[in-house]
Amino acid sequence: MFEHAKKNKTLAVIGALVLTAVVAVPVMAQRDPAYEAARSAGLIGEKPDGYLGYVTSPSPAVKALVEDINIKRKAAYTRKAQETNSTVEQFAFTSGCNLVLRTVPGEKYQTPSGTWQTRDSSAPIRDSRCP
Amino acid sequence: MLYQTSQLTEQTFDAIRLKMRSLSTAGPIFGVLIGLSACVQVSAPDKPIVINLNINIKQEVVYRLDGDAKSLINEEADIF
């Protein structure tokens with residue numbers, strides 16, 4: 001009986017640790033509030049090439065924010081391209097397919113022809129090669 | 001009569017010489033003018049020029065990378 005309680009205690013500790021990890025990770029990997037605000041305001045949007053683009057001419061703050069994210073994205077694409085034996089452009093484009101699809105209604109995305117669209121409840125206009 | 005004829009020929013030669021001289025200066029000018037008029041006329045296309053930068057991306061590659069792309073977006077959610 002004593003051993004049983006001990007076992008339960010250990011399980012509880014492990015459970016708490018797992019719960020902390022699950023809760024803590026998404027909090028760490030959240031979007032910057034300024035980035036989130038620029039997205040939902042439609043100042044910036046997702047391009048088919050896997051990078052962020054300016055819908056209207058950007059303020060210095062928005063420009064700095066987008067450039068910073070795009071540099072980080074390129075670094076991530078480069079790393080993943082090496083892992084998957086593909087080119088940076090190929091990996092970025094595949095990510096772009098997913099990122100355009102993941103835009104929520106009200107956010108902007110760029111069509112393959114280069115025009116900016118506001119995402120609504122219908123499927124976004126994407127490149128024919130997107131899965 | 002003989003003198004007159006020689007003078008006439010002299011005059012004719014002078015005229016020819018003068019004409020040749022003017023031709024020799026006019027020649028390059030004409031050449032330039034012909035050269036200019038022979039320029040290839042390029043008119044702007046009425047349709048917008050669309051440069052497809054993704055021409056080297058094949059659909060099969062996109063399908064192969066799709067899973068990795070999805071996991072990257074989830075892993076680094078702060079930059080996506």
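**Figure 1. Buried residues of helix α3 in chain A.** The buried residues of α3(A) are V62(A), L65(A), R73(A), A76(A), Y77(A) and K80(A); a residue counts as buried if 20 or more other C-beta atoms lie within 10 Å of its own, as exposed if 12 or fewer do, and as partly exposed in between, with C-beta atoms placed from the backbone. This is a predicted model, in which local features need pLDDT of at least 70, side-chain atom pairs count only at pLDDT 80 or more, and totals for chains, interfaces and linings use all residues. Residues are numbered from 1 along each chain as its sequence is written, while chains are lettered from A and ligands numbered from 1 in the order in which they are written. Helices (H or I, at least four residues) and strands (E, at least two) are DSSP runs, numbered from the N terminus. The cover over the buried residues of α3(A) includes α2 (33-40), β1 and α4 (88-101) of chain A, together with α2 of chain B; contact between two residues means that their C-beta atoms, placed from the backbone, lie within 7 Å. With 24 residues, α3(A) reaches 35 Å from its first C-alpha to its last, close to the 34 Å expected at 1.5 Å a residue; the expected span is 1.5 Å times one less than the number of residues.

**Figure 2. The four-stranded sheet of chain A.** An open sheet of 4 strands runs in the order β2-β1-β3-β4 (chain A), with mixed pairing; strands pair if DSSP finds at least two bridges between them. Its edge strands, β2 (52-54) and β4 (116-118) of chain A, each pair on one side only. On average, neighbouring strands are turned by 45 degrees against each other, direction ignored. Axes here are lines fitted to C-alpha atoms, for helices over the stretch in contact, and angles run from 0 to 180 degrees between N-to-C directions. β1 (residues 44-46) of chain A pairs with β2(A) in the antiparallel sense over 3 bridges, and I44(A) stands opposite Y54(A) in β2(A). Helix α3 (residues 60-83) of chain A lies across β1 and β2 of chain A, at about 160 degrees to β2(A).

**Figure 3. K47(A) in the loop between β1 and β2 of chain A.** K47(A) is buried because 22 other C-beta atoms lie within 10 Å. Apart from neighbours within four places in sequence, K47(A) contacts L52(A), G53(A), G96(A) and Q110(A). The C-alpha atoms of K47(A) and C97(A) are separated by 8.9 Å, although these residues are 50 residues apart along the chain.

**Figure 4. The loop between α3 and α4 of chain A, with N85(A).** Most residues other than glycine have a negative phi. N85(A) is exposed because it has 9 other C-beta atoms within 10 Å.

**Figure 5. Helix α4 of chain A, a mostly covered element.** Of the 14 residues of α4(A), 11 are buried; among them are F91(A), F93(A), C97(A), L99(A) and V100(A). The buried residues of α4(A) pack against β1, α3 and β3 (108-110) of chain A, together with α2 of chain B. The end C-alpha atoms of α4(A) are 20 Å apart, which agrees with the 20 Å that its 14 residues should span at 1.5 Å a residue.

Figure 6. D66(B) counts as partly exposed because it has 16 C-beta neighbours inside 10 Å.

**Figure 7. Chain A, with 4 helices and 4 strands, and chain B, with 2 helices and 0 strands.** Along the sequence, chain A follows the pattern α-α-β-β-α-α-β-β. Buried residues make up 24% of the 131 residues in chain A, and 8% of the 80 residues of chain B count as buried. In chain A, residues 24 or more positions apart account for 46% of the contacts with a separation of 6 or more. Chain B averages a pLDDT of 72, and 48% of its residues score at least 70; pLDDT is the predictor's confidence in each residue, from 0 to 100. The model scores ipTM 0.76 and pTM 0.62.
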